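Please find below my notes on the model you sent. They are set out as numbered points, to be read with the structure open.

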Amino acid sequence: MKAVALTRYLPTYHPESLQDMTLPTPTPGPRDLLVRVEAIAVNPVDTKVRAPKDKIEPEPRILGWDAAGTVVGIGSEVSLFQVGDPVYYAGDITRQGCNSEFQIVDERIVGRKPQSLSPAAAAALPLTTITAWEALFERMGVEMPPRKQRRKSILIIGGAGGVGSMAIQLAAKVAELRIIATASRPESAAWCHEFGAHAVVNHHQDLVSQVHALGFEFVDYVLILNNTDQHAPAAVQLVAPQGSICSIVESTRPVDIAPLKQKSARFCWETMFTRAMFKTDDMIQQHHLLNQVAELIDLGILKTTLNQTLSPINAANVREAHARIESGQTIGKIVLERF
Ligand SMILES: NC(=O)c1ccc[n+]([C@@H]2O[C@H](COP(=O)([O-])OP(=O)(O)OC[C@H]3O[C@@H](n4cnc5c(N)ncnc54)[C@H](OP(=O)(O)O)[C@@H]3O)[C@@H](O)[C@H]2O)c1
């Protein structure tokens, strides 16, 4: 099969950082699907894994954790899918990724592809959708209507990125929260409004005073989708008594959560690979949530976050997508389609 893979960890401008290769098609294990990949999206995790280091891989390593395609083979214990089913999924960081013509993936972390979307529009979604959904509804415990309490508020830091574009939609359309998003440029601010943010503030300026100026002393939830070191102090100040902060981005120093004690507020982490990585008992929840989101897409309640498409899927285009992600300024998702 065709694959884009690496054996050395190099900067994107280096032609060997990601190379076109021909590799054997993998064989599915008992609960695996063999998927013919039709479109892939690129995420910051790809660039973090590819980041230059001395390590050399004995076998080619395939990156990529966002795909849409068709099931072409199934393992002996598969019960959720059949050959011919269109699917979308993020996959498992501990296995080979999706930047190849065929991929094996555990059926419990795969969803049925939204019928109303092309493979490219569907491939934009799974990794960021799982992250945003788990952060909001599972880690922070955001309630879905009909709710018992007043309409709550959320600050989404990094609103126009891949995760932010889905988090804003889920907060607006599924949870019906009042949403303040952050963006630093007119085009990223406009994108946040388009996806459902009620107000936008600039993450390169003081967040506390900007949120206060909007009439909010506190917000019930703070979702940190960029630079935890930079934003945690403001999140700790702004979170409401009994509120929640969730970050999806690693910090380089300890987050000071001591001031949250008085407010009985919580700080939690979200890592969307946790379930697959640790084979948790409930990993099938990702299958269910992807199916639920596919339904919300097909009902027209949520929409794809696809913004830029490259074709075909080859090393030069994957390197280009990595370089754009590394700029830190992408809006929505970059997708590659067709081998
Ligand atoms: N834990 C997990 O499971 C998980 C899952 C997915 C992603 N992540 C991580 O979450 C982060 C975001 O992922 P993503 O896919 O949404 O990234 P992305 O699409 O690359 O995010 C790009 C956006 O970041 C915004 N941004 C740049 N600098 C910022 C800053 N200092 N503060 C706030 N926003 C800033 C930009 O907005 P402007 O152009 O307006 O400045 C841009 O629109 C990455 O570090 C990624 O690795 C973690």
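Which residue forms a salt bridge with Lys303, and how far apart are the closest N and O atoms?

1. The partner is Glu194, and the closest N and O atoms of this salt bridge with Lys303 are 3.3 Å apart. Please keep in mind that the model is predicted. Across the interface of domain 1 and domain 2, four salt bridges are found by the rule. Eight residue pairs are in polar contact between domain 1 and domain 2, counting pairs with both residues at pLDDT 80 or more.

2. On the elements behind this contact: α10 (285-298) and β15 (306-310) each bring at least two residues to the side of domain 1 that touches domain 2. With five residues, α10 gives the most to that side.

3. On the domains themselves: the assignment gives domain 1 as 2-125 + 275-337 and domain 2 as 132-269. Taken over C-alpha atoms, the centres of domain 1 and domain 2 are separated by 27 Å. Domain 1 puts 20 residues into the contact, and domain 2 puts in 19 residues.

4. On the buried area: about 1600 Å² is buried between domain 1 and domain 2, with 61% of it on carbon and sulfur atoms. Of the area that domain 1 buries against domain 2, 31% is supplied by Leu302, Lys303 and Ile331, more than by any other three residues. Lys303, one of these three, is also the residue that forms the salt bridge with Glu194.

5. On the sheet of six strands: the strands form an open sheet with parallel pairing, in the order β11-β10-β9-β12-β13-β14. β11 (199-201) and β14 (266-269) are the edge strands, and each pairs on one side only. On average, neighbouring strands of this sheet are turned by 20° against each other, direction ignored.

6. Within that sheet, β9 (residues 153-157) and β10 (residues 178-182) run parallel and are joined by four bridges. Ile156 has Ala181 in β10 as its bridge partner. Helix α3 (residues 126-139) packs on the sheet and touches β9, β12 (219-224), β13 (239-247) and β14. The direction of α3 makes about 145° with that of β14. Helix α4 (residues 162-174) also packs on the sheet, where it touches β9, β10 and β12. The direction of α4 makes about 170° with that of β9.

7. On the sheet of three strands: this open sheet has the order β2-β1-β4, and the pairing is antiparallel. β2 (19-22) and β4 (53-62) stand at the edges with a single partner strand each, so one side of each has no neighbour in the sheet. From one strand to the next, the twist averages 40°. Four bridges pair β1 (residues 2-9) with β4 in the antiparallel sense, and Leu6 stands opposite Arg61 in β4.

8. Two places in the backbone deserve a look. Most residues other than glycine have a negative phi, and most peptide bonds are trans. Which peptide bond is cis? The cis bond joins Ser311 and Pro312, with omega about 0°. Pro312 is in the loop between β15 and α11 (315-326). Ser264 is not a glycine, yet has a positive phi of about 50°.

Definitions and conventions. Residues numbered from 1 in each chain as written. Predicted model: local features only at pLDDT ≥ 70, side-chain atom pairs only at ≥ 80, totals over all residues. Heavy atoms only, no water. Pairing = 2+ DSSP bridges. Axes fitted to C-alpha atoms, helices over the stretch in contact; angles between N-to-C directions. Contact = heavy atoms within 4.5 Å. Domains from an automatic or database assignment. Buried area = accessible area lost by both parts, 1.4 Å probe. Salt bridge = Lys/Arg side-chain N within 4 Å of Asp/Glu carboxyl O. Polar contact = N/O pair within 3.5 Å; in protein donor to acceptor, adjacent residues only side chain to side chain.
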